[in-house]
Amino acid sequence: MTRIAAVIVTYNRADRLRWTLDRTFAETFDQVFVVNNASTDATTEVLAQFDDPRLTVLNLPENIGGAGGFAAGINAAENADWLVLFDDDAWPAGGAINRLRAELETVLPDVAVLAADVRLPDGSASDMNRPIINPFWNLRDRALNTLRYGRGGFTVAADTATDIDAATFVGYALRGSVARQVPKPEAGLFLYSDDILYSLALRKAGWRIRAFPDMQFIHDCETLAAGDVYRPLWKNHYTIRNGVEVARVAAGWMCPAALAYLLLVWTKRGLRLRGGERRAYFAIFARAVWHGLRRKRGRFDPLHLAQSRSSD
């Protein structure tokens, strides 16, 4: 029988982790790996309450972010036939893994990833998790639409079954043999875009990625609950810094055009803010772009900067 492992990365979300694990163990996973990113809340106690033999806990000595956590989890679980990656604030909808099992009976051998249809708790599509088609690899079909419609021009509807170029690590079903062959997600990215860059690397290596809407996941994410500026504000450092690398990889020789587009998007987001919050955002923005251009990696937490500026 096909062995399917869940890989969940968690950090200081004990209550959400309990909810996620309840729903994960209700599915037909053969193994469940939880990467505890040096949590300081009740995560260890919550994990101790689950005695399911499928559970393996990886307690990391320090918080290495979602990127490092998924790299560690994939390394631990790569001997499974398929790995399904998701965060502690996401979970499979009822029956999702049985539907994945049925699909795997006929999936073609060049498909490395099947990406879930990700929904918010109210049932609407999670915009931040929509499957992506790289407009720079599809200039005729996607470039103009991207200029006209922004994100809507290079993403596809969550309920569409089609070949794509990238997906997020929420219901990201990865073939184990591929996980053993290709480099792991880049841990130094810390947060955000590790999944996009990993997907683009798979595509460049000749593997296919398909959106698989029959497998649904729920993502109860609060990061963008108040709009398209990440909350808390320090998270914008990572999405901007790592976004510079996405522009490099996705656009190739057209990177200057991609970066100009992203700079415009990030600037417009900041201009929607007011007062000290706007000043804090643009201080983070400037340093993040500089770090991205220099390809600086690792953890940089400008929370103290955001707090001091927003209190002006």
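Student: Between which two helices does the loop that holds S193 lie?

Tutor: Helices and strands are DSSP runs (H or I, at least four residues, for a helix; E, at least two, for a strand), numbered from the N terminus. S193 is found in the loop between α7 (176-181) and α8 (194-204). The model is a predicted one, in which local features need pLDDT of at least 70 and side-chain atom pairs count only at pLDDT 80 or more, while totals for chains, interfaces and linings use all residues. Residues are numbered from 1 along each chain as its sequence is written, and side-chain values use heavy atoms, with hydrogens and water left out.

Student: Is S193 buried or exposed, and which residues does S193 touch?

Tutor: Burial is read from relative accessible area: buried is under 20%, exposed is over 50%, and partly exposed is in between (1.4 Å probe, protein chains only). S193 has a value of 13%, so S193 is buried. Contact is read from heavy atoms within 4.5 Å. Once residues up to four places away in sequence are set aside, S193 touches N242, G243 and V246.

Student: What is the phi value of R295, and where does R295 lie?

Tutor: R295 is not a glycine, yet its phi is positive, at about 55 degrees. R295 is placed in the loop between α11 (275-293) and α12 (303-310). The relative accessible area of R295 is 46%, so R295 is partly exposed.

Student: Which two residues does the cis peptide bond with omega of about -10 degrees join?

Tutor: That cis bond joins R231 and P232. P232 itself sits in the loop between β9 (208-219) and α9 (235-251).

Student: How does the span of helix α10 stand beside the value expected for it?

Tutor: The expected span of a helix is 1.5 Å times one less than its number of residues. Helix α10, residues 255-271, has 17 residues; from first C-alpha to last it reaches 24 Å, close to the expected 24 Å.

Student: Which residues of α10 are buried?

Tutor: The buried residues of α10 are C255, A258, L259, L262, W266, R269 and G270. Viewed down the axis of α10, these buried residues fall within an arc of 105 degrees, so they line one face of the helix. The arc is that of the directions from the helix axis to the C-beta atoms. As a general idea, an α-helix has 3.6 residues a turn, so residues three or four places apart point the same way.

Student: Which helices do the buried residues of α10 pack against?

Tutor: They pack against α9 and α11.

Student: Where is P131, and is P131 buried or exposed?

Tutor: P131 lies in the loop between β6 (111-119) and α5 (139-149). Its relative accessible area is 2%, so P131 is buried. Leaving aside neighbours within four places in sequence, P131 is in contact with F154, T155, V156, A158, I164, A166 and A211.

Student: How far apart are P131 and R54, in sequence and in space?

Tutor: P131 and R54 are separated by 77 residues in sequence and by 30 Å in space, C-alpha to C-alpha.
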